[in-house]
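This report covers a two-chain model, with attention to the contact between the chains and to selected features within each chain. The sequence and the coordinates come first.

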2 protein chains.
Amino acid sequence: MAEGDAQNEVTAGFLVIGDEILSGRTKDKNIGFLADYLTAIGIDLCEVRIVPDIRERIVEAVNELRARYTYIFTSGGIGPTHDDITADSIAAAFGVSIDVDPRARAILEAHYPPGQLTPARLRMARIPDGADLIENPVSKAPGFRIGNVHVMAGVPSIMQAMVDSIAPTLKTGAKMLSRTVDADLPESRLAERLAEIQQAFPETLIGSYPRTTDGRFTTQVVIRCRNEDSLERATSTVEEAVRQALA
Amino acid sequence: MAEGDAQNEVTAGFLVIGDEILSGRTKDKNIGFLADYLTAIGIDLCEVRIVPDIRERIVEAVNELRARYTYIFTSGGIGPTHDDITADSIAAAFGVSIDVDPRARAILEAHYPPGQLTPARLRMARIPDGADLIENPVSKAPGFRIGNVHVMAGVPSIMQAMVDSIAPTLKTGAKMLSRTVDADLPESRLAERLAEIQQAFPETLIGSYPRTTDGRFTTQVVIRCRNEDSLERATSTVEEAVRQALA
């Protein structure tokens, strides 16, 4: 897994905010979505954290992650209720003020019937000073970007729409390519050869993933590399190792 | 969400280790399982991190989390292949040596046919000095506990069996009770009353979770509390607020 911000590597951290994920009440669906999405556009997701709706914990995590990766994404905690404290926490993390944003207010005013933009709903227009809005085509209340941090809703359909609207603004790296080799063997029977192949192809990342198939232990070997030629040569070598182990 | 280690509060952090989760290739199933399990036995899961198979990143996360919570759990990276570096990383985090453990070796020797305990498989018997083993009824290679850190497999069926074998050894807190109130309203129409109710019942945690139901925005309100009486009174107050908002 690539880290830092070396040539052609664009990195990301993802912060999931919400007591409901940590209690088990809600099963997160955003991590897998964002992981797939970023991989597809050539951004390496390097770390995920899930933290509760506690201001100090959000501030700490945002500040640690934003210093470390090219981009940070957050999900959760930008609704109208008292437990939605993400926007205020992000403002605190950046040391900027926060208030109702005229652009966000205009979006909500256009969306709700006259007189329906209650104080609670207006909370959703609170945006840290200096942030850009992220469009929410689903339920209108916007997310926002400040610095390298992209703040999105937790509801998966809204979060996914926000990722779509952010994606064209992101710098993307050389895409990580991958090949998968399925081996009808427990991974312990491949382990020594895979270690040798990893050493022989240091520009690749070779992962070995045990699974159970029809009650047998089998293995998926995934070879990842940014260079097509190296990827093909390493994959052929793994395939040959699997054939030999099965022979 | 409770933090720290105050009276009757037992806290936990969960560290998921593996490139395959961050690339999206494997969708994590362990976070939701462990969140539900710990909630059920009265332990507060306070933070989750997902990190790649990079030693420094594992060491850093383990050391930060183990200083902060009563218990740490990890999943992933304890198999026989070159990318399984969790045990060595945990030893490094604790500053202890690591070698093939006679107890773990005996388990593997009893499991594999004579001559089949290859050097790769023997890697799975590498256990940090001073650790206790965690039984693996599924595929035998054990996990381990060192200090407050419980190191488990990433394959969900094995991880779940390991949690079952650990659970009786854990100190558990007063169980967090919860009630759910479904409201056929967007959460913005409840937000002001919920904030007031949260203030009136500071011993409870009131969460508001927007969702879409048949294309409408609806809300689940979850009231959590360790005290049954407070929980019931707060829940009744929320139910009354929903009735008034619908009227």
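How many salt bridges does the rule find across the interface of chain A and chain B? The model is a predicted one, and in it the rule finds six salt bridges across that interface. One salt bridge between the chains joins B:Arg68 to A:Glu60, with 2.5 Å between the closest N and O atoms. Polar contacts between chain A and chain B number 21 residue pairs, with both residues at pLDDT 80 or more.

On the side of chain A that touches chain B, the elements giving two or more residues are α1 (19–22), α2 (30–40), β2 (43–51), α3 (55–68), α6 (119–122), α8 (191–200), β10 (205–213) and β11 (216–225) of chain A. Sorted by class, this side of chain A holds 27 nonpolar, 14 polar and 20 charged residues.

The contact draws 61 residues from chain A and 61 residues from chain B. The area buried between the two chains is about 5000 Å², and 56% of it is on carbon and sulfur atoms.

Over all chains, a search of the whole structure gives 37 salt bridges. One of them lies within chain A, where the side chains of A:Asp44 and A:Arg226 meet at 2.9 Å, N to O.

| Salt bridge | N to O distance |
|---|---|
| B:Arg68 and A:Glu60 | 2.5 Å |
| A:Asp44 and A:Arg226 | 2.9 Å |

The domain assignment divides chain A into domain 1 (10–169) and domain 2 (177–246). Between the C-alpha centres of these two domains of chain A the distance is 38 Å.

In chain B, where does B:Ile85 lie? B:Ile85 is in the loop between β3 (71–75) and α4 (86–94) of chain B. With neighbours within four places in sequence left aside, B:Ile85 contacts B:Asp53, B:Ile54, B:Arg55, B:Ile58 and B:Gly77. From B:Ile85 to B:Arg189 the separation is 104 residues in sequence and 50 Å in space, C-alpha to C-alpha.

Methods. Residues are numbered from 1 along each chain as its sequence is written. Chains are lettered from A and ligands numbered from 1 in the order in which they are written. This is a predicted model: local features need pLDDT of at least 70, side-chain atom pairs count only at pLDDT 80 or more; totals for chains, interfaces and linings use all residues. Side-chain values use heavy atoms; hydrogens and water are left out. Contact means heavy atoms within 4.5 Å. Buried area is the accessible area (1.4 Å probe) that two parts lose on being put together, summed over both. A salt bridge is a side-chain nitrogen of Lys or Arg within 4 Å of a carboxyl oxygen of Asp or Glu. A polar contact is a pair of N or O atoms within 3.5 Å; within protein, one must be able to donate a hydrogen and the other to accept it, and residues adjacent in sequence count only if both atoms are side-chain atoms. Helices (H or I, at least four residues) and strands (E, at least two) are DSSP runs, numbered from the N terminus. Ala, Val, Leu, Ile, Met, Phe, Trp, Tyr, Cys and Pro count as nonpolar, Asp, Glu, Lys and Arg as charged, and the others, Gly among them, as polar. Domain bounds come from an automatic or database domain assignment.
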